[in-house]
Amino acid sequence: MKKLIVQKYGGSSVANIDRVIKVAERIVSYCDKGYDVVTVVSALGDTTDELLELAAKISKSPSERELDMLISTGEQVSMALLAMAVHKFGREAISFTGAQVGIITDSSHTKARIIDVNTKKVRSELDKGKVVIVAGFQGTNVAQDITTLGRGGSDMTAVALAKVLKADACEIYTDVDGIYTADPRIVKDARKLNRISYEEMLELASLGAQVMQARSVEAAGKFNIPVHVRSSFSGRKGTLITKEVKAMEDVFVSGVALNKTEAKITICDVPDKPGNAARIFEEVAGHNINIDMIIQNVSRTGATDVSFTVLATDLAKTLKVVKKRVKSMGAENVTFDKDIAKVSVVGIGMRSHSGVAAKMFKAMAERKINIEMISTSEIKISCVVKKSDGEAAVRALHKAFGLSRKRG
Ligand code: ADP
Ligand code: ASP
Ligand code: MG
């Protein structure tokens, strides 16, 4: 039987028409090698951001259904252009929207989850010898409204298709050679990893390494789908995201991540009474807002501040929700800070090594970087700092943990 490969090309890989043609050339080279090829494509370059900017000119909080109608158009453009480019090389190719190939999601507009994927259409076109090109990032709910899968969601489309089609390989093509110990745009001597575990990649992605969408890594891990992240600008091997291997535990920090997309909200002087935390966070959750870090100190005076972080894009919505509750809780007022960044170190080896936190805080102190919030899990430590300190903090930590040294 022919081998089936699912390849995803990100916006950076199809930033202009020349790049679209290059991608088509690569797809055709896989057909020539005898593969059945299913290609997932993102919107050209920064199209999604540009569409979001248009919406923002009309409203601060536009209807999420309409936002999905808008931002899903980006992928519809790139998929058609890519199909035409493949035709130029004399190969048959056909493009489909998420709805057309039967990517069914729930109804959480702008961050929908895939419930089911129908493989019939893709299979039947592959059987006719065609390259199948699928619009990334989108699906449809049962009411046939278009949904999108969260930023970076084309990665999710690729992993989902690799799973349901039982693909022999899943490749994510991007503008860097693979997964690095830190964003190579920030740390010049960041090192490419040959392999990384699903767990570590999930943490790095959740903590801001945009190279893979966190949810897609979670799904790949759950279904044990090896994912090869590599460059669309070269033929070099990239990084394999895979199951944990023993050697990984010997390295206690494998990467540093930076997230500049969050904002901090503080509710001041919340009375120290049972139920107050529940009241705040139930209300926020009820509006489909995800909370990241939460900090509440012990109260000495019968009242304490509660701080938490949300996506900056959810800030206006969250403030509205929280302000409604403040009076009834007997709290004082609500403040916010958009000028924050979260810097994190991640590594499976942290489970068995001590002193990581101490080393992290010392490296930041030496650069006079103030830490505003701290949170830890088994394999990561995160600190919130001033946004303007974010990149310096990443470089300091990369150096302190010796990450430019070689690792297999
Ligand atoms: P695409 O358009 O292919 O989806 P993205 O912009 O979503 O690409 O992701 C690729 C970018 O992720 C890279 O250009 C790089 O700057 C950034 N990045 C952040 N952290 C890392 C990391 N640890 N390793 C590699 N790239 C990273
Ligand atoms: N175009 C979408 C975005 O920019 C999806 C993706 O690129 O994966 O988020
Ligand atoms: Mg991406």
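This is a predicted model: local features need pLDDT of at least 70, side-chain atom pairs count only at pLDDT 80 or more; totals for chains, interfaces and linings use all residues.
Residues are numbered from 1 along each chain as its sequence is written, chains are lettered from A and ligands numbered from 1 in the order in which they are written, and side-chain values use heavy atoms, with hydrogens and water left out.

Ligand 1 is surrounded by 18 residues, a residue being counted when one of its heavy atoms lies within 4 Å of the molecule. The closest of these are Thr174, Asp175, Tyr180, Asp183 and Arg185. By class, the shell around ligand 1 comprises 8 nonpolar, 6 polar and 4 charged residues (Ala, Val, Leu, Ile, Met, Phe, Trp, Tyr, Cys and Pro count as nonpolar, Asp, Glu, Lys and Arg as charged, and the others, Gly among them, as polar). Polar contacts are pairs of N or O atoms within 3.5 Å; within protein, one atom must be able to donate a hydrogen and the other to accept it, and residues adjacent in sequence count only if both atoms are side-chain atoms. An N or O atom in the side chain of Thr174 lies 2.7 Å from an oxygen atom of ligand 1, and for the side chain of Asp183 the corresponding distance is 2.7 Å. A polar backbone atom of Gly11 is 3.1 Å from an oxygen atom of ligand 1. Taken alone, ligand 1 exposes 570 Å², of which the protein buries 90% (accessible areas come from the Shrake-Rupley method with a 1.4 Å probe; for residues, only the protein chains shown count as cover).

The residues around ligand 2 are Ser42, Ala43, Thr48, Glu75, Phe137, Arg151, Gly152, Gly153 and Ser154. This shell divides into 2 nonpolar, 5 polar and 2 charged residues. Ligand 2 taken alone exposes 260 Å², and the protein buries 87% of that.

The second largest pocket holds about 350 Å³ of space. On a 1 Å grid over the protein atoms alone, a pocket is an open set of points with protein on both sides within 12 Å along at least five of seven lines, whereas a cavity is a set where a 1.4 Å probe fits but cannot get out; lining residues have an atom within 4 Å of a point. Grid points are joined across faces, edges and corners, and a volume is the space filled by probe spheres set on the points. Of the 16 lining residues, Ile114, Met156, Ala160, Ala219 and Phe223 lie nearest the centre of the second largest pocket. At least two lining residues come from each of β5 (114–117), α7 (154–164) and α9 (214–222), where helices (H or I, at least four residues) and strands (E, at least two) are DSSP runs numbered from the N terminus. Helix α7 contributes the most, with 5 residues. The lining contains 10 nonpolar, no polar and 6 charged residues.

Ser13 is located in the loop between β1 (4–9) and α1 (17–32). Its relative accessibility is 0%, so Ser13 counts as buried (buried means under 20% relative accessible area, exposed over 50%, partly exposed in between, with a 1.4 Å probe and protein chains only). The side chain of Ser13 reaches the backbone oxygen of Tyr173 at 3.4 Å. Gly74, in helix α4 (residues 73–88), is likewise buried, with a relative accessible area of 2%. By contrast, Gln144, in the loop between β7 (138–140) and β8 (146–148), is exposed at 69%.
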